[in-house]
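Subject: Structure for your review

Dear colleague,

Please find below the structure that I am handing over to you.

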Amino acid sequence: MVNILEKVFNSALTELEDMRFFFPFLAEIHADISYETGILHQYLNQSKSAIKKFTEAIEMDAKHKSAVIALARTFIKRKEGQNAVPVLKKFSEMGPSSTVQQLLGEAYLSMENPDAAIEAFNSAI
């Protein structure tokens with residue numbers, strides 16, 4: 001079952017990359033394609049590839065909230081909260097987001113910084 005699922009995901013990854021290649025004039029969807037490709041990499045437990053794709057999406061569209069959240073969650077899951085913090089702080093400078101503040105709190109907790117975590121969690125409320 002896992003091999004079949006992996007083949008389906010790999011096929012979808014190829015199709016997403018082909019879309020970007022064959023439709024370069026659709027620049028506005030390239031960030032979404034990178035984000036979706038990152039999600040597929042997550043399902044395949046390929047966190048390094050997922051991080052690369054989420055980062056790519058954010059570089060194309062700094063306001064891509066889904067990519068920011070996915071990137072931060074991936075870092076936190078990998079026990080790399082120190083990598084999530086700058087991504088979340090940069091995004092939060094663009095405007096308030098309770099989800100981003102909550103993830104910032106989780107990142108600080110993973111770094112064993114309870115004071116900063118409490119401050120972030122309070123900002124989320």
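The notes below describe what was found, beginning with the overall fold.

The model is a predicted one, in which local features need pLDDT of at least 70 and side-chain atom pairs count only at pLDDT 80 or more, whereas totals for chains, interfaces and linings use all residues. Residues are numbered from 1 along each chain as its sequence is written, and side-chain values use heavy atoms, with hydrogens and water left out.

**Overall fold**

The protein has seven helices and zero strands; helices (H or I, at least four residues) and strands (E, at least two) are DSSP runs, numbered from the N terminus. In order from the N terminus, the elements therefore read α-α-α-α-α-α-α. Along the principal axes, the C-alpha atoms fill a box of roughly 45 × 35 × 20 Å. Of the 125 residues in the protein, 40% are buried, where buried means under 20% relative accessible area, exposed means over 50%, and partly exposed lies in between (1.4 Å probe, protein chains only). Among contacts (heavy atoms within 4.5 Å) with a separation of 6 or more, 42% join residues 24 or more positions apart.

**The nonpolar core**

The largest nonpolar core contains 29 residues. Such a core is a set of buried Ala, Val, Leu, Ile, Met, Phe, Trp, Tyr and Cys residues joined through side-chain atoms within 4.5 Å. The residues with the most contacts inside this core are Y35, F54, L71, A84, L88 and Y108. Two or more core residues come from each of α2, α3 (47-60), α4, α5 (81-92), α6 (98-110) and α7 (114-124). The largest share, eight residues, is that of α4.

Two of these residues may be followed in detail. Leaving aside residues up to four places away in sequence, A84 touches A72, F75, I76 and A107. Y108 lies in helix α6 and counts as buried because its relative accessibility is 10%. With the same exclusion of residues up to four places away, Y108 touches V85, K89, N113, A116, A117 and A120. The C-alpha atoms of Y108 and A84 are separated by 9.1 Å, and the two residues are 24 residues apart along the chain.

**The aromatic pair**

How many aromatic pairs does the count give? The count comes to one, under the rule that rings of Phe, Tyr and Trp (its six-membered ring) pair if their centres lie within 6.5 Å, with planes under 30 degrees apart counted as stacked, over 60 as edge-to-face and the rest as tilted. The pair is formed by Y35 and F54 and is tilted, at 5.9 Å centre to centre with 40 degrees between the planes. Since Y35 lies in helix α2 and F54 in helix α3, the pair ties together parts that are 19 residues apart in sequence. Y35 counts as buried at 17% relative accessibility, and F54 counts as buried at 0%.

**The largest pocket**

Rolling a probe the size of a water molecule over the atoms shows where empty space is left. The largest pocket has a volume of about 170 Å³. A pocket is an open set of points on a 1 Å grid over the protein atoms alone, where a 1.4 Å probe fits, with protein on both sides within 12 Å along at least five of seven lines; lining residues have an atom within 4 Å of a point. Grid points are joined across faces, edges and corners, and the volume is the space filled by probe spheres set on the points.

The lining consists of H41, Q42, N45, Q46, S47, R73, T74, K77 and R78. The elements that give two or more residues to this lining are α2 (27-43) and α4 (65-77), and α4 gives the most, with three residues. By class, the lining has no nonpolar, six polar and three charged residues; Ala, Val, Leu, Ile, Met, Phe, Trp, Tyr, Cys and Pro count as nonpolar, Asp, Glu, Lys and Arg as charged, and the others, Gly among them, as polar.

**Further residues**

Q101 is placed in helix α6 and counts as buried at 14% relative accessibility. Beyond residues up to four places away in sequence, Q101 touches S92, A120, F121, S123 and A124. P86, in helix α5, counts as partly exposed at 47% relative accessibility. E6 lies in helix α1 (residues 2-22) and is partly exposed, with a relative accessible area of 34%.

Yours sincerely
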